[in-house]
Amino acid sequence: MVPEFAIIGHPNEGKSSVLSTLAEDDSVRVSPTPGETRECRVFPVVIDGREVLRFTDTPGFQNPGRVLSELKRLSGIASDPFVTFRSASAGDPELHDDRELLGPVVRGAGIIYVVDGSRPLRNVDRAEMEILRISARPRLAIINSKQADERHLEAWKNEFRQHFNSFRIFNAHRATYAERILLLEALQAIDQDWQQPLAEVIAAFRRDWASRNQRCTEIIADLLAAALSLRLEGKLAAGDDEEPCRQRLFADYQRQLAQLENGAHRQIQTLFKHNIFRSQLPPHSLLHEEIFSARSWQLLGLTRRQVVLVGGLGGAAIGAGIDVAALGHGLGLFTLFGTLAGGAGAFFGGKNLSSRARFLGQPLGGESLQIGPAKSLDLLFVLLNRALLFYRHTINWAHGRREGATPEGVVLWAGENFTHHWSAGKIRTCRDFFLLASGGKGDEESEERQQLQTMLADTLTEISTSEGPHRQ
Ligand SMILES: Nc1nc2c(ncn2[C@@H]2O[C@H](COP(=O)(O)OP(=O)(O)O)[C@@H](O)[C@H]2O)c(=O)[nH]1
Ligand SMILES: [Mg+2]
């Protein structure tokens, strides 16, 4: 039988949000209006086409005091006071929600009790906990603090020690993959009967996560292959001014790179089951910057040390170490494009450009300007770091969190470089893939691509098992 857990609690404490995050299901209805959920709804967790676990969302308690006294009264006379209570209260609209939420308890579901730990404990909470305690179902309490206020935490914990098998702090808006696994492990411990099935669920979760990461390395490698090989050409007619043509070409190039990147990021979002709501990037995220902004290159490109490493790798010479100052100054990228194309550290390929640089007059006609394939390894690092930033943002965006919600207590962190510490071996793997990809062969099965993906898989594992952003 598939283990079932009912998410129970007072209205508006974050039950549905917790469920949405735990089940990675952003179709769960979350609402600021208390008491909107009137019926239970089952959310199966399906892995590899098989339901491994189900969570049931329930309406909030409306009359816990009354329900408790009814149950106590029935406990002497009914064989199962919960069943009797439910049938006896069937005609009473006032008890509708209370009756409904006890449905899964009666059919044997485990209980996950959710409270907002940022508010003080009240008598109604005690009545709710007492009801759950006398149900004798295995139960775990979750403290989902909607505000940063921690003054009441100790009181809640003390209360939970008396009424529950276990409790955990789990935040519906901030919980990470690692914290979801920890919660499942805690559920495993509350009842011996669930140990085995939940161990399988946890193993399935881990396998599923690893296969998503694997798929994500393909998405990133595909993006890099397409971006690094991107090549555009602009024809110059006799008498054409070269500058506008360059500008157009470069604008096109930027636009197409951005499209490729955007497509890859959307795939990552879908892979991690963000189907309905789009996560919001923190206001200062580097991902708001254009791919070719000086800040992107400064923070996400190769470090000086790595540029030296690239030089020492041997083999084909490769452009590395873009002059970031050139990206930022007034003349911007066109200068870089024009200058570098003819210069020693050629950034973009420039058919005819080096000769043209010497002839800066009117074009003779029938010539073409070319941009791409990429000539600088930095582009790989900028795109890779941006993809990793996006990955980290996506996996840490809890499904229960909705657009516009204020992320209390969440310290959203500035863009970071995931590759600054990479050593020569990893840089070489990137370099080898770069050579392949810029030669138009990055999407083919190859040793180089395989190595890149294996390395990326480790990086993704590291990112997903490291502490969440709010812990930093
Ligand atoms: N800031 C913040 N808001 C939360 C959190 N959990 C839930 N909420 C908000 O609280 C309201 C009620 O949440 P919901 O999950 O629908 O509660 P339910 O009635 O217990 O199912 C919604 O507006 C949520 O966005 C949280 O961890 N932090
Ligand atoms: Mg709800």
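**Aromatic rings in a predicted model**

Trainee: Which charged end sits over the ring of tryptophan 397?

Mentor: Arginine 401 places its charged end over that ring, 3.9 Å from the centre. A charge sits over a ring if NZ of Lys or CZ of Arg is within 6 Å of the ring centre and within 35 degrees of the ring normal.

Trainee: What should I know about the model and its numbering?

Mentor: The model is predicted: local features need pLDDT of at least 70, side-chain atom pairs count only at pLDDT 80 or more, and totals for chains, interfaces and linings use all residues. Residues are numbered from 1 along each chain as its sequence is written, chains are lettered from A and ligands numbered from 1 in the order in which they are written, and side-chain values use heavy atoms, leaving out hydrogens and water.

Trainee: How many aromatic pairs are there?

Mentor: The whole structure holds 15. Rings of Phe, Tyr and Trp (its six-membered ring) pair if their centres lie within 6.5 Å; planes under 30 degrees apart are stacked, over 60 edge-to-face, and the rest tilted. One of the pairs, phenylalanine 160 with phenylalanine 167, is tilted, at 6.0 Å centre to centre and 45° between the planes.

Trainee: Is phenylalanine 160 buried or exposed?

Mentor: Phenylalanine 160 is buried, at 0% relative accessible area, whereas phenylalanine 167 is partly exposed at 23%. Buried means under 20%, exposed over 50%, and partly exposed in between (1.4 Å probe, protein chains only).

Trainee: Which residues form one aromatic cluster?

Mentor: Tyr113, Trp156, Phe160, Phe164 and Phe167 do.
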